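This report covers strand pairing, pockets and aromatic pairs. Look over the sequence and the model first.

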Amino acid sequence: VAVGALSFATYHAVTVKTPGPNLLFNGWGISPVGEQTLVGDMPLKLVFSPDRKQLVTTSIGFAGVHLTTLDAETNKVIQNLDLDRVWNGIAFSPDGKTVYVSAGNGAKLMAFGYDSGRLTKGKEVKAPDYSFISGVAVQPDSGTIYALNESFNQVYALNPADLSVKAVVNTGSNPHTCCFGEDRRHLYISNWGSNSVTVIDTKTNAHIRDIRVGIRP
């Protein structure tokens, strides 16, 4: 009791500082590394344009849902589009004039014209109800677009001319992200639900194998 009373008697209130760029609401300070550019409060994906001069990112959060382009040299925002849904799928056409963006539970894939960081809304393709379109990759030679449907455990091969579906291939459970290998032929798909990587031969659109890996590759 005496110790408790002494502690109470010697306690002094500390003035709470206003949160700022380097001070959190609880008074803890942070020391950010490098320079920061605000693109949203939950960025999901960041990719370079083919000429490496701009960056494109999707973000979701309390600040809204955005597709944002930045100058890679100055780190300044070029354009910031408000959209209803985006996710982690961003991929450029081989000529760099179109960028494809997934809409997550918006169940669609969107195409935007691209010119030095300036975006123009183009075509979009709607997936079946209850779809979740996640990762996107583009075959570097043919321009065929590969979009993952996380809800149905599938990958769609889409014609770049009109976004029509050329093929549907089964994947592992909850396909999250995809990318092409160095041979530009095989597509590798990370499956968060089955802790595996699916390998697709894009010449035949055949499911070759699943590689067991760790949790949420």
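## Basis and sheet

Two strands pair if DSSP finds at least two bridges between them. Strands are DSSP runs of E, at least two residues long, numbered from the N terminus. The model is predicted, so local features need pLDDT of at least 70 and side-chain atom pairs pLDDT 80 or more, while totals for chains, interfaces and linings use all residues. Residues are numbered from 1 along each chain as its sequence is written, and side-chain values use heavy atoms, without hydrogens and water.

Four strands form an open sheet in the order β1-β2-β3-β4, with antiparallel pairing. β1 and β4 (77-82) are the edges; each has a single partner strand, so one side of each lacks a neighbour in the sheet. Strand-to-strand twist averages 15 degrees (axes are lines fitted to C-alpha atoms; angles run from 0 to 180 degrees between N-to-C directions). β1 and β2 run antiparallel and are joined by five bridges. Phe 48 sits opposite Leu 55 in β2.

## Pockets

A pocket is an open set of points on a 1 Å grid over the protein atoms alone, where a 1.4 Å probe fits, with protein on both sides within 12 Å along at least five of seven lines; lining residues have an atom within 4 Å of a point. Volume is the space filled by probe spheres set on the points, which are joined across faces, edges and corners.

The largest pocket has a volume of about 400 Å³. Of its 22 lining residues, Val 47, Phe 48, Ile 90, Ala 91 and Phe 92 are the closest to the centre. β1 (43-48), β5 (90-92), β9 (133-138) and β13 (175-180) each give two or more residues to this lining. By class, it has 13 nonpolar, seven polar and two charged residues (Ala, Val, Leu, Ile, Met, Phe, Trp, Tyr, Cys and Pro are nonpolar; Asp, Glu, Lys and Arg charged; the others, Gly among them, polar).

The second largest pocket holds about 150 Å³. Its lining includes Glu 35, Lys 45 and Leu 55. β1 gives the largest share, three residues.

## Aromatic pairs

Rings of Phe, Tyr and Trp (its six-membered ring) pair if their centres lie within 6.5 Å; planes under 30 degrees apart are stacked, over 60 edge-to-face, the rest tilted. The count is three pairs. Phe 92 and Tyr 114 have ring centres 4.9 Å apart and planes at 90 degrees, so they are edge-to-face. Phe 92 is in β5 and Tyr 114 in β7 (residues 108-115), 22 residues apart. Both are buried (under 20% relative accessible area, 1.4 Å probe, protein chains only; exposed is over 50%, partly exposed in between).

Tyr 146 and Phe 180 are also edge-to-face, at 5.8 Å and 75 degrees. Tyr 146 is buried at 3% relative accessibility, and Phe 180 is buried at 18%.
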